[in-house]
Amino acid sequence: MDAIGYIRISKKDQSTHSLEYQEKNIKDYADRNQIILGPLFIDDGESSYTFDRPDYKALENFIKNHKGKSKIKYLIVFDHDRFSRNLPEALQKIESLEKKYSIKVIATSEPLDIDTTDPSVFLLRAF
């Protein structure tokens, strides 16, 4: 397993990106990039302004429990606003996953080899 996926939609979400649409995009991205995709974690009806979401917590536990057992390189999300809309907290989570577990959080619109340390990438993700 090279990656895990995360999908979220809120109750009030007016997005056209249904859970199924996000899942298909994540799976297609993994296939295009020859990534072995492990489990998908899905928060249906959860707010993006906090990481206090059931499946996000399960995702973090999964990562902690698999540290050193399997090499998870990527956390794939459809788009960064599906990960979180709380920018400061999202950037902290992304940095923590990268530093603590060497996991790159990547959106399906980004190239696999994107340099997340590049300040312009930081700015693009912020907007």
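Mentor: Let us approach that part through the chain as a whole. Of the contacts in the protein chain with a separation of 6 or more, 70% are between residues 24 or more positions apart, where a contact means heavy atoms within 4.5 Å. Please keep in mind that this is a predicted model, in which local features need pLDDT of at least 70 and side-chain atom pairs count only at pLDDT 80 or more, while totals for chains, interfaces and linings use all residues. Residues are numbered from 1 along each chain as its sequence is written, and side-chain values use heavy atoms, with hydrogens and water left out.

The protein chain holds five helices and four strands (DSSP runs, numbered from the N terminus: H or I of at least four residues for helices, E of at least two for strands). Read from the N terminus, these elements follow the order β-α-β-α-β-α-α-β-α. The radius of gyration, taken over C-alpha atoms, is 14 Å, close to the 14 Å that the globule rule gives for 127 residues, so the protein chain is as compact as a globular protein of that length; the rule itself is 2.2 Å times the number of residues to the power 0.38. Along its principal axes, the C-alpha trace spans about 35 × 30 × 30 Å.

Of the 127 residues, 40% are buried, a word that stands for under 20% relative accessible area, with a 1.4 Å probe and protein chains only. A nonpolar core is a set of buried Ala, Val, Leu, Ile, Met, Phe, Trp, Tyr and Cys residues joined through side-chain atoms within 4.5 Å. The largest such core has 19 residues, and those with the most contacts inside it are Ile-4, Tyr-6, Leu-59, Leu-75, Phe-83 and Leu-97. Two or more residues of this core come from each of β1 (3–9), α2 (54–66), β3 (74–77), α4 and β4.

To see the packing around one member, follow Ile-4: leaving aside residues up to four places away in sequence, Ile-4 touches Leu-37, Pro-39, Phe-41, Leu-59, Phe-62, Ile-63, Ile-72, Tyr-74, Leu-75 and Ile-76. There is also a second, separate core of 14 residues, and among them are Ile-26, Tyr-29, Ile-114 and Val-121.

Key. Buried means under 20% relative accessible area, exposed over 50%, partly exposed in between (1.4 Å probe, protein chains only).
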